[in-house]
Amino acid sequence: MSGETVVSTPESGDPDAAQLARFGYGQELRRVLNLFENFAVAFCYISPVVGIYSLFVLGVGTAGPRYIWLLPIVVLGQLFVALVFAELGSHYPIAGALFQWGKNLIGPNYGWWVGWIYGWALIMTVASVDTGLIIYAGPLINNIFHTTINPGDPNQILICTVLLILVQLAFNIGGVNFLGRISQIGVYFEIIGTFGIAILLAITGFHHGFDYLFTSQGAENAAANPLGVDFGGNWWLGAAFVAILAHVYIFYGFESAGDVAEEVVQASKRVPRAIISSLLTAGVTSFILVGALLLAIPAGAKGLSETVAGGVPFLISSNVSSQVIQDLALFVVCFAFFSCGLAIQAAAARLIYSYSRDHALPASGALSHVSPRFRTPVNALIVAAVIPSLFAALARFTPSSNITIAFITIPAKVNALFLLVSFAVSGIYLSFLLVVVAALIARLRGWQAQGAFRLGRWAIPVMVAGCIWLVAMLVNILIPSGITSPRGALFNYDWITLLVVVIILAIGAVYTLIAHPARRIEKLSPRGTSA
């Protein structure tokens with residue numbers, strides 16, 4: 001994961017800049033990231049610590065300890081996608097990866113829609129990740145400074161989120177070097193937050209044998225389910241379909257190694273390695289941490305229900321008596337949230353920059369501007385900070401009773417921002433699916449990868465497997481099943497997630513009918529479609 005840091009500029013005659021020029025773009029961004037830094041950006045976006053600390057309760061509360069074995073299934077499914085992205089990222093090492101891949105494989109209009117869906121998913125992910133920081137930062141600050149921060153207060157959530165986004169914005173504007181360095185540190189904190197906490201819990205003593213990981217603890221039955229949902233005694237055909245979403249939420253973000261490709265030295269070689277290695281490393285670290293947390297659940301009849309009520313902080317505090325160690329664990333988690341949000345904000349800004357460079361958005365001239373001093377897309381970064389801050393304001397809206405509009409019910413006591421989080425996942429998976437489908441179509445039409453990483457004869461089987469996987473998970477995420485069903489109660493809130501997808505698509509349709517962005521993209525393309 002190491003590599004010499006070399007600045008690549010058009011003036012130096014570097015092959016990276018020459019390759020970018022063949023796609024019609026000049027080297028405006030500073031090309032300095034080595035392999036480890038490129039890996040670190042993607043790994044911090046995936047962030048096993050953020051994902052597990054946020055979703056452990058959903059997984060174990062839905063399906064019991066056995067939910068850990070759904071994790072390898074998700075990693076394998078996403079590996080098919082990552083392999084396709086690795087080939088595309090090697091052939092098209094261009095900022096705003098998914099948009100550029102769709103555009104070059106199928107055409108400008110197709111690429112625009114990929115970028116539109118992916119961009120909104122990124123923006124909402126920034127908001128959802130950064131609003132989660134206060135859950136861990138609040139207790140940490142209270143312990144150290146004896147303050148009275150309330151992590152559940154909407155106003156304090158908003159203030160904390162906006163401050164965090166502004167700090168991330170400052171680091172991102174300051175240069176890609178900051179992003180690379182912070183992401184590197186973030187990797188070390190992720191390792192501490194996964195392996196370190198797993199080892200700590202093992203030293204303090206697990207409360208179960210490994211056979212516990214193969215039990216459901218009756219979670220498929222309403223009487224024993226700690227979240228109070230009923231799967232009618234069906235684990236594989238019931239609980240597993242919802243519990244797997246706790247892993248589905250985590251294992252994306254590897255594509256961000258391609259989003260910053262124009263800032264990576266030897267991008268054609270390094271981007272695919274960063275994409276694949278970030279996913280596999282996240283899979284291993286996540287499996288170890290989830291396993292350790294499950295074995296650390298207190299023994300006894302109430303152990304699982306107490307864990308679901310208190311989450312990961314309860315598990316750590318109930319097993320580790322030292323307040324100092326507890327605070328260190330909270331600090332590690334807080335830094336993981338910070339580096340994760342930083343990486344996602346950077347990816348979103350590169351997409352906005354790439355989009356605008358092709359005149360595909362309003363105010364494209366301003367949004368594609370690159371700071372001469374910092375060599376970063378400053379205006380795109382500001383947009384990637386302002387819109388998530390506005391979404392964070394939704395944290396102040398939590399209906400006290402169900403709101404029914406026609407056949408759609410907005411559930412009571414569910415935060416409005418939380419309702420949008422499920423779109424972030426569905427938007428990611430939908431844009432992933434569109435890209436893999438584009439790659440398959442292009443391959444069948446005769447397109448051949450020319451990058452340093454190629455799938456060769458395995459390309460079509462891998463792409464077909466990736467399509468099947470993404471369709472299955474997208475349906476699992478979006479399908480309405482009733483507000484009182486386990487999925488509707490815990491995850492997609494019946495029609496809400498699908499409705500948000502439809503609204504985003506409708507807004508995009510209106511804009512394309514009025515502005516015709518694909519025509520502007522076509523005019524700027526030196527060769528049109530490259531497929």
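## Helices α4 and α13

Helix α4 (residues 71-91) and helix α13 (residues 267-295) cross at roughly 170 degrees, and their axes come within 8 Å. The two are therefore roughly antiparallel to each other. Axes here are lines fitted to C-alpha atoms, for helices over the stretch in contact, and angles run from 0 to 180 degrees between N-to-C directions. Angles under 35 degrees count as roughly parallel, over 145 as roughly antiparallel, 65 to 115 as roughly perpendicular and the rest as oblique. Helices (H or I, at least four residues) and strands (E, at least two) are DSSP runs, numbered from the N terminus.

This is a predicted model, in which local features need pLDDT of at least 70 and side-chain atom pairs count only at pLDDT 80 or more, while totals for chains, interfaces and linings use all residues. Residues are numbered from 1 along each chain as its sequence is written, and side-chain values use heavy atoms, with hydrogens and water left out.

On the α4 side, the contact with α13 (heavy atoms within 4.5 Å) is made by Leu71, Pro72, Val75, Gln78, Leu79, Ala82, Leu83, Phe85, Ala86, Gly89 and Ser90. On the α13 side are Ser268, Val271, Pro272, Ile275, Ile276, Leu279, Leu280, Gly283, Ser286, Phe287 and Val290. By class, the contact of α4 with α13 has 16 nonpolar, six polar and no charged residues. Ala, Val, Leu, Ile, Met, Phe, Trp, Tyr, Cys and Pro count as nonpolar, Asp, Glu, Lys and Arg as charged, and the others, Gly among them, as polar.

## From α4 to α5

Helix α4 also packs against α5, at an angle of about 80 degrees and with the axes 10 Å apart. That makes α4 roughly perpendicular to α5. Phe85, Leu88 and Gly89 of α4 meet Leu98, Trp101 and Leu105 of α5, a set that divides into five nonpolar, one polar and no charged residues.

Pro93 is found in the loop between α4 and α5 (97-105). At 5% relative accessibility Pro93 counts as buried; buried means under 20% relative accessible area, exposed over 50%, and partly exposed in between (1.4 Å probe, protein chains only). Not counting residues up to four places away in sequence, Pro93 touches Gln19, Phe23, Ala261, Glu262, Ala267 and Ser268. Its C-alpha atom is separated by 9.6 Å from that of Ala257, 164 residues apart along the chain.

## The nonpolar core

The largest nonpolar core has 194 residues, and those with the most contacts inside it are Tyr67, Phe85 and Tyr429. Such a core is a set of buried Ala, Val, Leu, Ile, Met, Phe, Trp, Tyr and Cys residues joined through side-chain atoms within 4.5 Å. The largest share of this core, 21 residues, comes from α15.

Leaving aside neighbours within four places in sequence, Tyr429 is in contact with Gln78, Val248, Phe251, Tyr252, Trp469, Leu470, Met473, Leu474 and Ile477. Leu430 lies in helix α18 (residues 416-444). With residues up to four places away again not counted, Leu430 touches Ile117, Leu474 and Val501. Leu430 and Val114 are 316 residues apart in sequence and 8.4 Å apart in space, C-alpha to C-alpha.

## Helices α6 and α21

Helix α6 and helix α21 (residues 496-515) pack at an angle of about 135 degrees, with their axes 11 Å apart. That makes α6 oblique to α21. From α6, the contact is made by Trp112, Trp113, Trp116, Ile117, Trp120 and Met124. From α21, it is made by Ile504, Leu505, Ile507, Gly508, Ala509, Tyr511 and Thr512. The residues of this contact divide into 11 nonpolar, two polar and no charged.

## Helix α7

The buried residues of helix α7 (residues 134-145) are Ile134, Tyr136, Ala137, Gly138, Leu140 and Asn142. They pack against α3 (48-63), α6 (108-131), α8 (154-173), α14 (303-319) and α15 (323-357). After α7 comes His146, whose phi is positive, near 60 degrees.

## Positive phi in loops

His359 is placed in the loop between α15 and α16 (364-367). Its phi is near 60 degrees, a positive value in a residue other than glycine. His359 is partly exposed, with a relative accessible area of 37%.

Ala406 is found in the loop between β1 (403-405) and β2 (408-410). Phi of Ala406 is near 55 degrees, again a positive value in a residue other than glycine. At 69% relative accessibility, Ala406 counts as exposed.
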